[in-house]
Amino acid sequence: MTLCYAARVRGNLAKAFEMANTQVLRRAALPKSYTDFLGRKLFLFLLTVQGLGAFALITIGVILRKSGVAKNVVRPRIRQEIARAGVALLPMFFFVALALGFLVVGQTVSALAKVGATSYLGSTMVIVIVRELGPLLAAMLVLARVGTANVIELGTARAMGEVEALETLGIDPVHYLIVPRVIGMALGVFALTVYLIIGALASGYLFAFLQDVPMTPGDYFKQITESLSWLDFALLALKTIGFGFFIAIVTCYHGLAQPLRLEEVSRVAVRAVTQGVIVCVLIDAVFIVLYLLT
Amino acid sequence: MSENQNIPAIEMRGVNVAAMRDASFTVVEDVNWSVAAGEFWVVAGQEHSGKSDLLMLAAGLMPPAAGCCRLFGNDTSNFGEAELAERLRVGFVFQGGQLFSQLTIAENVALPLRYQKNLTPASAAAEVKGLLELMELSPLADVTPADVAANWRQRAALARALILKPEVLLLDNPLAALGARHRQWWLRFLEQLSRGHEQFGGGPVTMVVTADDLHPWRSARRKFAVLRDKQFIPVGAWNEVETASDPVVKELLAASVELTSQS
């Protein structure tokens, strides 16, 4: 049974990008032993990583190869996606920035002031807000608001045969549907993270001020700027663009790279969001290592 | 020029057609078929006989499972970006239209023209407007497909396929689910295209339509074939269809007679 299963998986690994083949694994009767169950999960994980990797490389290839193709069609679509994954989310991000400032910054400033450790404020804020919470929270919000919409839109388009229609018209579906979303989301997450960090730091001071913490705005922002290095700016840009790129890749992959029926779209959306969260946490872990090394 | 005219628009030799949804499943076997420039073919078959898959393969959108399919003399199994110009000589109309739901009817029609020629909406507007007028779609130009009746969606899909002025037009069951008035319009318009329409350069457009009912396509100018038991069977002209002893041909002829008597 195990050998037969392994052979079937090997056969499917070769065609992992044709996601119809992975359905065999998902729908097969559950193996009896727990080790087989874990094995299946591991194989599915590898298949997903392979599929996502291939899809990411294809997308990067199309971005590079077709940067000058149909500019009058694709560039307005990129602007549209930047608006959708960036500008349209600004009101929500201002609200979240206020909440984050109140929940984290305000309380941290107040707590540090009580123990007389306000000199650590700058480095604490930079680590908590600039390096960690700001980018991750921005990525999660964009994943929830735009990533799910991506899966549903693309999944429905796939199920309704719109992707085949694009191919009959000689239009590369990756160029027309995926590239604008990937660029839009990468730039959107980057820009929103910057706004979120600025908003959270400003509102954090506001809440600290309301709690009568003895610190002037000049001291507060001076400490923060002194704790920031050029590396923070560079890694923040890389990290947020990475978040946006991979959220778009994961959600577009699940929406587009496999034949779907309409009833499968909701299930695929849930899977895409779960994998999006995992990918963001993994990217974050890589950057934590980078920060520690530098 | 004359050499080019002798090359069949579509040619299949020993082709096995795989299902679009599941490449491991063969729906039609050993197809030997040649469509010359200017011909009008009607390929009929019952539901799930592989008509759509055959048409997708003929358009070069999927490779044959076996055998060789040529489009204007070029093997479609090697089709890639470099052969895009050859692909665009073929227009395709899906059953149901498959319009892009996020775009309006006018944007749907304009998209292939704008993408292939890198045009702004304003630059493509005149050509799109002319085609929409020809198709009687002008009042629906700014409406999204969800707000348009199926009859008109199908017509918008035809406009979208024609905007690039293809030499070959493949239509997947275009009359399915159309009302009587729309059916008449389609039959009349496709006949005009087949003979040569001035708005599309005046030359005859080579055409292949699939159908599950043969009667509406009755014409001495057309050639007929049926799909039965995974076999592609060329029948010939209409008089041969009428005298054919094949049970599937008889059934496909009887379908519309039954519908007519019921109505």
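Me: How many residues of chain B are in contact with chain A, and how many of chain A?
Reply: 19 residues of chain B contact 16 residues of chain A, where contact means C-beta atoms, placed from the backbone, within 7 Å. Keep in mind that this is a predicted model: local features need pLDDT of at least 70 and side-chain atom pairs pLDDT 80 or more, while totals for chains, interfaces and linings use all residues. Residues are numbered from 1 along each chain as its sequence is written, with chains lettered from A and ligands numbered from 1 in the order written.

Me: Which helix gives the most to the side of chain B that touches chain A?
Reply: H4(B), with four residues. Helices here are DSSP runs (H or I, at least four residues), numbered from the N terminus.

Me: And by class, what does that side of chain B have?
Reply: 10 nonpolar, five polar and four charged residues. Nonpolar is Ala, Val, Leu, Ile, Met, Phe, Trp, Tyr, Cys and Pro; charged is Asp, Glu, Lys and Arg; the others, Gly among them, are polar.

Me: New topic: how is chain B divided into domains?
Reply: Domain 1 is 2-89 + 166-262 and domain 2 is 100-165, with bounds from an automatic or database domain assignment. Their C-alpha centres lie 24 Å apart. The contact takes 11 residues from domain 1 of chain B and nine from domain 2 of chain B.

Me: Over to chain A. Where does Ala88(A) lie?
Reply: In the loop between helix H4 (71-85) and helix H5 (90-114) of chain A.

Me: Why does Ala88(A) count as partly exposed?
Reply: Because Ala88(A) has 13 other C-beta atoms within 10 Å; 20 or more would be buried, 12 or fewer exposed, and partly exposed is in between.

Technical notes:
Contact = placed C-beta atoms within 7 Å. Helix = DSSP H or I, 4+ residues; strand = E, 2+ residues; numbered from the N terminus.
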